[in-house]
Amino acid sequence: MSKVLVIAFAEQDGSLGKAALEALAAAKQLGGEFCAGVIGEKIDAAADMLAGAGAAKVFGVAGSDFAQPRYASDAAAAEAIAKAAGAEIIVAAGTSRWSRVAAGVAHRLGGQIDTHVTGLAVENDAPVVTRWYYRQRMMAQMTRAARPWVISVDPGSFAAWQGAPGSASIEAVDVTLGDAAKRTQVTGVRTPSSGQQTIRPEADVLFVAGAGWTKKQPDGQFHVAEAEKLILDFVDNAKASLGSSKSLVDQKGEGQAVLTCLSHLNQVGQTGSTPRHPKGLATCCHGEEPHVVGWRFITERRAINLDANCGWAQGKADVLYVADSFAVMEKVNALLAE
Amino acid sequence: MSLAEQNAADVDRQCMDVDIACVGFGPAMGGFLTTLARGLMNEDGTPAVESATMPGMPPQVICYERADDIGFGVSGVVTRARALRETFPDLNPEEIPLCHPVTEEQLLYLLDPIGASRRPLTVRLADGAIKALKWALPYSDHALRIPFIPGFMEKHDGLLLSLGQFNQWVGNQLMASGTVQVWPSSPVSEPLFEEKKVVGVRLADQGVDKTGAPDAGFMPGMDIKAALTVIGDGPVGPVGRRIDDEIGMPEGNHQHDWAVGMKVVVDLPEGCELKPGTVLHTLGFPEPEIFGFLYVYPGNVAAAGIFVPSWFDNPVRSTYRYMQHWLQHPALWKHLEGATLRSWGAKTIQESGRRGEPHLAGDGFARIGEGSGSTNVLTNSGVDEAWKTGTLLAEGVLELLKDGKPFTKENLEAAYVARRRESWVEQEGRVAEKARDGFQHGFVRGMIGMALAGFTKGHMALGGDGRSPYQRVPTIEEYAKGKLSAEEIETLRKEAHAKGQTLHDAIMDRLGWPAIEYDGKLIVSHQDALLLGGKVQAQPGYADHVVFVYPHLCEECGTKLCAEVCSGQAITVNPEGGVPLFDREKCVHCGACMWNCGSVSPESTERGGIEFRAGAGGLHSAEN
Amino acid sequence: MTGGFQIVVCGGIVPNPLQTLEPITGPSGPALKNEAMLPAVLDPWAWHALFEAANLAKQNPGSKVWLVALAPKAKLQQVVMTIAQKVPFELIAIDGPASGFAESADVAEELAAAIEAIPGLDKSKLLVFGGWESASRGAGTTMQMVGEKLGIVDQFQGVDELKAAPDGSFEVLERIEGGRHQVSTCAGAPALLGWATGNLPEPPNNPQVGMANMRGVMPALQKAKPAKAGANGATYASVALPQQRRATRIVKDTPVEEIAREIAAWIKG
């Protein structure tokens with residue numbers, strides 16, 4: 001097997017996040033020896049985790065210049081580590097921080113790259129990756145002969161490595177940033193203005209709100225405010241993440257009553273995100289299945305809809321409840337609040 | 001004028017000058033623009049004639065199409081392709097996806113294997129005779145293969161086309177020529193008049209709410225001024241209809257006969273024996289008035305569908321439900337079982353043909369294609385005819401441009417209408433014009449009438465009564481007389497309307513039609529057909545294009561035929577009564593609501609209570 | 001900013017989102033069945049990037065927007081007709097595959113070369129825009145490589161907002177985990193931004209914009225150079241549609257209370 005390197009970014013407290021531990025597990029799946037590289041302001045705890053997982057060597061780039069996710073500094077650090085390690089296969093978690101630089105790093109190394117990898121196997125002593133094309137419409141298994149080969153694994157696709165930290169002897173890699181690499185400064189993090197947290201990548205449940213919530217209900221009236229309360233109560237009670245189809249987050253321009261809790265960040269599938277959660281509950285999504293292709297990554301899927309013949313019944317959900325979502329969710333919320 | 005309309009009228013509109021403004025990119029416009037583009041430039045690349053609006057340049061020719069792409073929202077066809085081949089003598093079907101020469105043509109008379117079909121006595125007698133003699137007849141799977149196809153219906157030297165793919169092919173060549181521009185996603189709301197002269201068109205307002213009132217990003221539709229406006233916006237196009245309202249129809253002409261055609265494009269099951277180029281025409285089932293077709297494309301793909309005409313006097317005529325029963329007729333299902341839906345769509349067909357011809361030209365405008373009465377109702381052919389009308393207009397326009405003559409009514413009549421009168425479109429249209437009249441009095445007389453007109457080349461025909469659809473449509477009580485009591489119907493109506501549902505399923509179930517069992521592949525719910533097949537979508541920011549103009553008429557209407565017939569379930573019954581609800585995002589722009597209104601406008605006996613205006617969105621499949 | 005920005009938007013075309021897609025094995029690797037028949041649209045995230053570019057150009061007089069697109073020429077021509085009425089841009093067309101299976105490195109090479117070849121390009125004013133991913137390859141790798149080839153190290157991905165200051169510096173909001181945005185400031189161009197959806201609505205069709213754009217579109221298509229992008233480098237063991245089909249249990253005619261109890265138990269369990 002080629003020389004494998006796991007690259008991770010240390011969290012602010014110096015440890016490794018869940019996504020990095022998943023990538024670590026993915027790399028270990030390749031078998032054989034591997035090295036690790038870690039980047040961050042403080043990296044000791046992370047390096048110990050990597051050593052504990054069996055990294056033969058741990059390379060590190062540390063210091064305040066590397067505290068914030070920034071293209072110029074992160075790409076320079078990852079490039080230097082990969083070169084120091086003589087890496088042929090580089091595995092990392094497809095976090096926003098790594099995704100920003102991964103392809104640039106591959107380019108600098110003269111290598112190739114695959115991202116959003118959801119499965120990893122070894123055949124003929126080489127990795128075979130599983131990844132999706134055309135917004136989750138088709139799944140490919142592929143390999144490459146070229147090295148280095150950068151493989152970004154999607155968070156949520158592998159079980160995180162669990163084990164005790166070891167004691168790392170970090171091989172510090174010197175990276176000096178010129179002024180040109182500091183033209184960008186990260187100044188902070190902003191949370192959406194709606195107040196309530198509705199996107200939780202770690203949640204057990206994804207609640208998919210369909211366009212039916214904002215349509216006229218059987219009494220001939222709109223009940224959008226009531227819908228919003230039911231949805232937010234559920235998201236709050238179940239500590240769920242909230243997703244929606246494009247049609248619902250796009251409604252702002254139509255001048256009609258809209259669910260104010262939804263933004264483009266909540267969009268699932270098509271031009272939205274593709275979150276992975278163990279459970280998913282789709283509500284009032286009649287006919288929207290083709291729009292919500294991100295649904296494919298939900299393990300257990302249930303739906304509530306008024307029509308027993310809707311697309312969700314055609315092999316897309318485990319259970320379809322034919323009922324009024326307003327009535328059901330009110331009771332569900334009461335039960336969850338108990 | 002509504003408040004929204006007043007607001008819109010007050011706004012400051014931008015204006016743009018072009019030489020020729022065209023409305024609607026269909027086969028007629030394809031013929032017009034292809035012929036025109038070839039004549040506008042000399043071989044050395046210099047303009048053959050000069051633009052009046054941009055001196056030194058060739059004439060600026062702009063075509064606005066309401067659909068979101070040039071290949072969306074049209075239909076599969078079998079055509080003799082005479083005019084197409086005149087324009088493209090070296091036409092190679094292999095260059096156009098889903099195009100194939102016709103290799104085999106069959107006409108099937110379908111018997112009713114269910115027993116729910118509403119068959120008059122003569123048809124039942126004929127059915128009985130066929131069954132009794134089936135051992136001696138070409139009979140199988142409840143269908144009789146008619147041993148010959150009348151010459152006037154034959155398409156054996158023709159082509160099978162997906163009009164969507166054909167339009168893309170034509171459009172791409174046109175745009176690559178750089179001589180004309182075709183802009184999709186650009187609904188044209190109305191013609192611009194100066195007295196009786198058409199001086200251009202107005203595009204639909206954008207950034208408006210459902211009612212048309214300005215909203216976020218309001219942009220008033222631009223006025224496009226042109227010396228000539230070419231109208232090819234089809235049988236339900238708002239520009240053509242507005243001109244008819246303004247200047248009326250020629251004496252004796254009317255558009256009272258219509259049909260809605262609905263079809264699916266399917267991947268045939270593996271091992272299907274149908275060969276590319278095969279054409280099946282069917283009649284007799286699910287109701288005698290409903291005709292069907294199945295065309296086999298290359299690659300084990302087929303288009304199949306039905307026509308529901310305005311003389312099928314059923315106030316709960318749901319094309320979708322009838323199509324599902326038709327697809328499952330044993331004679332078709334033996335080919336289609338296991339097929340998968342690829343595409344779906346519906347459109348209105350103007351069945352008055354030559355008799356529905358409006359004024360073809362006037363000061364500043366000319367009309368081509370189906371909306372101009374070119375469809376041949378005897379041969380069931382429209383695309384080739386439409387294309388021909390476009391080429392005839394282009395020849396006339398080039399002549400006028402080169403002679404430096406203005407686009408007056410007189411000049412256009414000499415240059416275009418005269419060419420049209422001498423063409424085969426006119427001659428064959430005249431033969432056909434009375435061919436459908438017999439259907440006004442029922443299926444059997446209809447068939448006799450068609451045969452008479454066809455075999456006598458139009459010299460003999462059965463007379464029709466010329467009634468408009470709203471004059472014909474019976475009440476549900478009349479339609480179901482003897483099978484369902486008025487009380488029973490009222491109960492069903494109340495139940496359905498309280499849930500905002502239409503009545504056709506409940507009525508058809510009671511009249512003996514079996515419930516539809518979905519197979520999840522081809523036999524799917526109407527909504528799945530819309531999304532998975534038609535890929536129906538609509539951009540925000542446009543007004544509702546289906547407008548119920550007279551709420552009191554809707555209040556009094558007992559049939560709600562607009563909702564029953566709606567091809568996309570976009571019109572639904574309002575549980576509170578009164579004006580039906582309209583969901584623009586589900587509309588496929590077939591326009592069936594417009595001619596299926598059971599009421600008559602207080603302002604014109606030629607109009608119902610529904611206005612079908614310019615709208616964006618609709619089908620997003622290019623395979624229809 | 002004095003003198004404005006030079007904004008180059010990279011955007012390919014993809015099948016219209018609701019089309020049914022099926023993979024086949026073509027002569028040069030995996031491909032889409034009937035790709036030529038499928039209606040296409042500008043890649044959705046690049047579409048948003050184009051609106052943002054036009055908006056930024058409008059706010060900064062002297063700015064100019066180019067659209068660099070690699071796609072089969074005939075399809076690109078059709079797609080351009082659906083976007084050219086939206087915002088003013090100059091098209092630079094490259095005639096090549098729009099396939100998701102084309103290597104991003106190859107695509108990046110073509111895009112970067114096309115950008116370098118823009119007459120009068122001033123890198124001190126250059127902002128390279130694109131989608132943070134394509135809806136075909138869906139990898140999110142092309143833009144970074146374009147930036148690297150152009151020597152741009154101020155790169156941002158998943159961008160939802162760019163606010164430019166009068167001195168040419170700007171603030172960027174990038175999507176990060178948990179539905180949050182990372183806020184950065186950058187001293188100014190050159191920079192590269194891979195856009196998520198941004199916040200701008202789709203502009204209305206403006207026929208005058210369309211007419212103005214068309215003066216450059218047809219010459220650009222006629223000048224389109226053939227590109228060499230392919231699937232070289234990857235060996236595909238399989239490309240298939242997901243086949244999972246679930247046996248859906250349909251619960252109907254059941255009291256709401258009972259359904260709610262079952263769902264709540266499932267959520268808690």
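A salt bridge is counted here as a side-chain nitrogen of Lys or Arg within 4 Å of a carboxyl oxygen of Asp or Glu.

**Entry 1. Ground rules**

I note that the model is predicted, that local features need pLDDT of at least 70 and side-chain atom pairs pLDDT 80 or more, and that totals for chains, interfaces and linings use all residues. Residues are numbered from 1 along each chain as its sequence is written, chains are lettered from A and ligands numbered from 1 in the order in which they are written, and side-chain values use heavy atoms, with hydrogens and water left out.

**Entry 2. Chain B against chain C**

I looked up the contact (heavy atoms within 4.5 Å). Chain B gives 44 residues to it and chain C gives 28 residues. I then took the buried area, which is the accessible area (1.4 Å probe) that two parts lose on being put together, summed over both. For chain B and chain C this is about 2900 Å², with 54% from carbon and sulfur atoms. On the chain B side, B:Met175, B:Trp183 and B:Lys535 lose the most area to chain C, together 19% of what that side buries.

I next counted polar contacts, each a pair of N or O atoms within 3.5 Å; within protein, one must be able to donate a hydrogen and the other to accept it, and residues adjacent in sequence count only if both atoms are side-chain atoms. There are 14 residue pairs in polar contact between chain B and chain C, both at pLDDT 80 or more.

Which elements supply this side of chain B? Helices (H or I, at least four residues) and strands (E, at least two) are DSSP runs, numbered from the N terminus. Those that each supply at least two residues include strand 1 (15-23), strand 9 (180-183) and helix 17 (526-533) of chain B. The largest share, six residues, comes from helix 5 of chain B.

I sorted the residues by class: Ala, Val, Leu, Ile, Met, Phe, Trp, Tyr, Cys and Pro count as nonpolar, Asp, Glu, Lys and Arg as charged, and the others, Gly among them, as polar. The side of chain B that touches chain C has 23 nonpolar, 16 polar and five charged residues.

**Entry 3. Chain A against chain C**

I turned to the contact between chain A and chain C, which takes 82 residues from chain A and 88 residues from chain C. The two chains bury about 7300 Å² between them, 57% of it on carbon and sulfur atoms. In chain A, the residues that lose the most area to chain C are A:Tyr134, A:Arg183 and A:Arg190, together 12% of what that side buries.

How many salt bridges join chain A and chain C? I counted eight salt bridges, and 40 residue pairs in polar contact, both at pLDDT 80 or more. The side of chain A that touches chain C divides into 41 nonpolar, 25 polar and 16 charged residues.

I followed A:Arg144 in particular. Its side chain meets that of C:Glu103 in a salt bridge (2.9 Å, N to O). A:Arg144 also forms a salt bridge with A:Asp114 (2.4 Å, N to O).

Two strands pair if DSSP finds at least two bridges between them. Strand 15 (residues 319-322) of chain A runs parallel to strand 15 (residues 249-251) of chain C, joined by three bridges. There the bridge partner of A:Val319 is C:Arg249.

**Entry 4. A sheet in chain B**

I traced an open sheet of eight strands in chain B, in the order 6-7-5-16-17-18-15-19, with mixed pairing. Its edge strands are strand 6 and strand 19 (340-350), each of which pairs on one side only.

Two bridges join strand 6 (residues 139-140) to strand 7 in the antiparallel sense, and B:Ser140 has B:Ala143 as bridge partner. The hairpin of these strands has two residues between them, and B:Asp141 takes a positive phi near 50°. Strand 7 (residues 143-146) also runs antiparallel to strand 5 (residues 104-110), over four bridges, where B:Leu108 is partnered by B:Arg145.

Strand 17 (residues 291-297) and strand 18 (residues 301-309) of chain B pair antiparallel over seven bridges, and B:Leu294 stands opposite B:Ala304.
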